[in-house]
Amino acid sequence: FATRSGATCAPDGAFAPSPLNTVVFLLTTLVQLNTFAANYVGEPFTEALLDHKALAGLLAASYAVLLALAADVAPPLATWLRLAASPSPAFRTTFLGVMAADTLAVAAVAGIVR
């Protein structure tokens, strides 16, 4: 396969970070977090999310790490995860807006449904 920049990539070749696979990774991770947070039932079956300090803290930390990775403020972690940097500040701002809109939309729909 050839990319727009002219570089070739083989389906079974070595992994090379790109903005596309970075965005896909971050969005799928965000969707999984949002799905878990929206589907956590809590009372009367289990402890409420805000009362379950460990779970609430883990969710908050996960959102914070995703925000740091998407905002390009954690280069060592991004390098370790083999993520590409944002191609431009405008792209980064738009992507952060998409992430925020998705999270707020999920929270709004979950609040309306319950």
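This is a predicted model: local features need pLDDT of at least 70, side-chain atom pairs count only at pLDDT 80 or more; totals for chains, interfaces and linings use all residues.
Modeller: Residues are numbered from 1 along each chain as its sequence is written, and side-chain values use heavy atoms, with hydrogens and water left out.

Biologist: Why are α1 and α4 called roughly parallel?

Modeller: Helix α1 (residues 19-39) and helix α4 (residues 89-113) pack at about 20 degrees, their axes 10 Å apart. Angles under 35 degrees count as roughly parallel, over 145 as roughly antiparallel, 65 to 115 as roughly perpendicular and the rest as oblique, so α1 and α4 are roughly parallel. Axes here are lines fitted to C-alpha atoms, for helices over the stretch in contact, and angles run from 0 to 180 degrees between N-to-C directions. The helices themselves are DSSP runs (H or I, at least four residues), numbered from the N terminus.

Biologist: Which residues of α1 and α4 meet?

Modeller: Contact means heavy atoms within 4.5 Å. On the α1 side, Val-23, Leu-26, Leu-27, Leu-30, Val-31, Asn-34 and Ala-38 take part, and among their partners in α4 are Phe-91, Phe-95, Val-98 and Asp-102. The contact of α1 with α4 has 12 nonpolar, 2 polar and 1 charged residues, where Ala, Val, Leu, Ile, Met, Phe, Trp, Tyr, Cys and Pro count as nonpolar, Asp, Glu, Lys and Arg as charged, and the others, Gly among them, as polar.

Biologist: And what makes α1 roughly antiparallel to α2?

Modeller: The axes of α1 and α2 cross at roughly 155 degrees and come within 11 Å. That angle makes α1 roughly antiparallel to α2. By class, their contact has 11 nonpolar, 3 polar and no charged residues.

Biologist: How do you know that α2 and α4 are roughly antiparallel?

Modeller: Their axes cross at roughly 155 degrees, coming within 10 Å, and α2 and α4 are therefore roughly antiparallel. Tyr-63, Leu-66, Leu-67 and Ala-70 of α2 make this contact with α4 residues including Arg-92 and Phe-95.

Biologist: Which helices supply the lining of the second largest pocket?

Modeller: At least two lining residues come from each of α1, α2 (53-70), α3 (75-80) and α4, and the largest share, 4 residues, is from α1. The lining divides into 16 nonpolar, 2 polar and 1 charged residues.
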